[in-house]
Each structure stands twice: as structure tokens, then as C-alpha cells.
Amino acid sequence: MKPKVAVTRKIPESILERLREKCEVKLWPEEDEPVPRNVLEEMVRDADGLYCLLTETVDDALLAAAPKLKVVSNMAVGYNNIDVEAASRRRIMVTNTPGVLTETTADLTFALLLATARRLVEASDFLRQGRWKTWSPMLLTGMDVYGATLGIIGMGRIGEAVARRAKGFGMRILYCNRTRREEAERTLGAEYATLDELLEQSDFVVILTPLTPETRGLIGERELGRMKRTAVLINAARGGIVDEDALYRALRDGDIWAAGLDVFEEEPVKPDHPLLTLPNVVALPHIGSASVRTRTRMAEMAADNLLDALSGRLPAHLVNREVFER
Ligand code: DGY
């Protein structure tokens, strides 16, 4: 008998085919609409495996509704949508998709940094709205990126990939991280700093740390108050790391200069969110890893993880290894 697998969104057909060869697949077939909670609960009731996205909340209650579940395969590197502790308690493996999205996400992070520094969205709107009357010395002037100081909060794979790009822009690179990254210090000239030092000295503060209980609300009023008035904040990690009310006030009052946001506390962010009323915010709909190649590779990797777990092999990207070893 084939194992039963719940897939919570339309994924590339070739990958679905691979899953169907080995499993009985229940699919939520929509592309633009997340699976409703009650449907998801029904889908996992007799499932051996769950293939899901970061839009699904996989909490203890959902796991309790899935007594046969052996693996939750998340098509994302971040897994803050999953209660890993609860999964481990229930001996359910949790897998993710690290590595394949590193460079694509670093590209987007740097693009967002450049767009925010040089006011690209505002400038493009200005032109399209017919407001461009003449070349003017201080018209739409932004902040220099070349030679500026970059502060990276969270020096993991993506942080390092951003630092490599920053090196090409002649930037001084500061970073803060739970552990020191001596290799990055040697090869990229990155300097280890405390959070406060980083905030006080950086022209660009880039958040790339995972969302955990420790990083939730890491950047609030106090931290924004330590940044330069000319500084730019970029968040390409998770919305919950930044206190959005405090960020709104800091941007509105000119306490910091601008923000580039690919992520929000609540996604999709409501179009009338106060942050979206500010001209000094560049906002994107969580597209860090969104290239055709990378999203396809993430979908494949999530399928590999799922199939390995269901056939008793150690999945390549197991978050809670203790479950396999027990
Ligand atoms: C992830 O993988 O965690 C990103 O946020 C989406 O690619």
C-alpha cells in the first residue's frame, strides 16, 4: 500500500508526478489561495506525510489531528510556521530546504537594498505619473551604497552571500550572530559587532536571522533609536523580527531614513497597512527566493525530503534529527 501524502498547494507537475509514483496524493490544487484550516485538518487525518508551505500553521492541534503522520516537509528554509517541539514529541520528522535558495535570496536582498537607497520605486512612480518636469540637482536623491557600512543581523548562509555582494560595493561589513564566523571575517573582512554597535555604525542594517522566540521583536523602538537618522533598514527574513508600529513611527518621524521590506508580521500585508502609506518604504510580497529555478529546486528538495523520510532513509535536511535517531 502506498503511503498517503497531503500536498497543500499546486506544485510543478513533474514533482507531483514523482510523488504520485510512490504515494497516494491528496492535493489542495489552488495556486493563489492557501488551504483553509478545516480542509487541511481533513487532509492530514489519515496522512503519513505532509508537504506544506510557510503559509500553513503546523501546530500541535494539527499534528494531533494526524495520528499517522511521520514527516512534515516544508518547502522553505524557514520553519517558524511549524511547532518543531510538538512534532519531535510526536516523533514526526520536520524537514526544510536550505542551501538552494541562498544566492537567489541574497540577490533579492541586495536588490531591495539598492532600490530603497536610491528610491527606485518612488522615482519610477514619479515618472509614470507625469511629474518629471526637468532635471534638478537634488531631485529624488538617495543614499550612496558604494563605500557605506553594512550591518548584517544573522550571518548564516544568506548573510554571507549578501556580504560577498557588499564586498564588490566596497562596503565595510559588520555582523552580529549568535556565534562568531571566523571564516567570514577572514575571507570577507566582516567585523563581529554587538547588536548596538552594529545599529549605531551601519548605514544599512539588513535582517537575515530566523524568527525564533529570541528574535521575535528584536528590532523595536529602542533599537531603531540607536540607528543613524540616515540609515536604511532591510528585512528579508521574517516580519515578526521587527516591531512594525515602532518602525512606522521611526520612518514617519525621520528617525531612520527608509526601509525595504520583503516580509511582514501578517502576510499578505493589508493594502491599507500604515507602513504602505509611507514614501520611504519599499515593500515586496515575500519574494526573496522567487526565481523559477530556485523555486523549482525548493519544490524538488521538499519532495526528496518527504520521500526519503517515508521510505525510512535519513532525509538530507532534517530539522529535528533526534526523531530519526530515536
Ligand atoms: C524561506 O524559504 O524561508 C523563505 O522565506 C521563502 O523562500
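**Ligand shell and salt bridges in a predicted model**

Arg37 is partly exposed, at a relative accessible area of 29%. Keep in mind that this is a predicted model.

Student: Which residue does Arg37 meet in a salt bridge?

Tutor: Happy to start there! Arg37 belongs to helix H2 (residues 37–44), and its partner is 22 residues away, in the loop between strand E3 (49–52) and helix H3 (60–64). The N to O distance is 2.8 Å, and the residue is Asp59.

Student: How many residues apart in sequence are Arg172 and Glu191?

Tutor: Good pair to pick. Their closest N and O atoms are 2.8 Å apart, in a salt bridge. Arg172 sits in strand E7 (residues 172–176) and Glu191 in strand E8 (residues 191–192), so the bridge ties together parts of the chain whose separation is 19 residues.

Student: Is Trp132 buried or exposed?

Tutor: With Leu127 and Leu139, Trp132 forms a nonpolar surface patch of about 320 Å² accessible area together. Exposed means over 50% relative accessible area. Trp132 has 54%, so the residue counts as exposed.

Student: What share of the ligand's exposed area does the protein bury?

Tutor: Nice one to finish on. Ligand oxygen atoms lie 2.7 Å from a polar side-chain atom of His286, 2.5 Å from one of Ser289 and 2.8 Å from a polar backbone atom of Gly78. Taken alone, the ligand exposes 230 Å², and the share buried by the protein is 88%.

Key
Residues numbered from 1 in each chain as written. Predicted model: local features only at pLDDT ≥ 70, side-chain atom pairs only at ≥ 80, totals over all residues. Heavy atoms only, no water. Polar contact = N/O pair within 3.5 Å; in protein donor to acceptor, adjacent residues only side chain to side chain. Areas by Shrake-Rupley, 256 points an atom, 1.4 Å probe, with all protein chains shown as cover. Patch = residues over 30% accessible without salt bridge, like charges linked within 9 Å, V, L, I, M, F, W, Y side chains within 5 Å. Salt bridge = Lys/Arg side-chain N within 4 Å of Asp/Glu carboxyl O. Buried < 20%, exposed > 50% of the residue type's maximum accessible area, 1.4 Å probe, protein only. Helix = DSSP H or I, 4+ residues; strand = E, 2+ residues; numbered from the N terminus.
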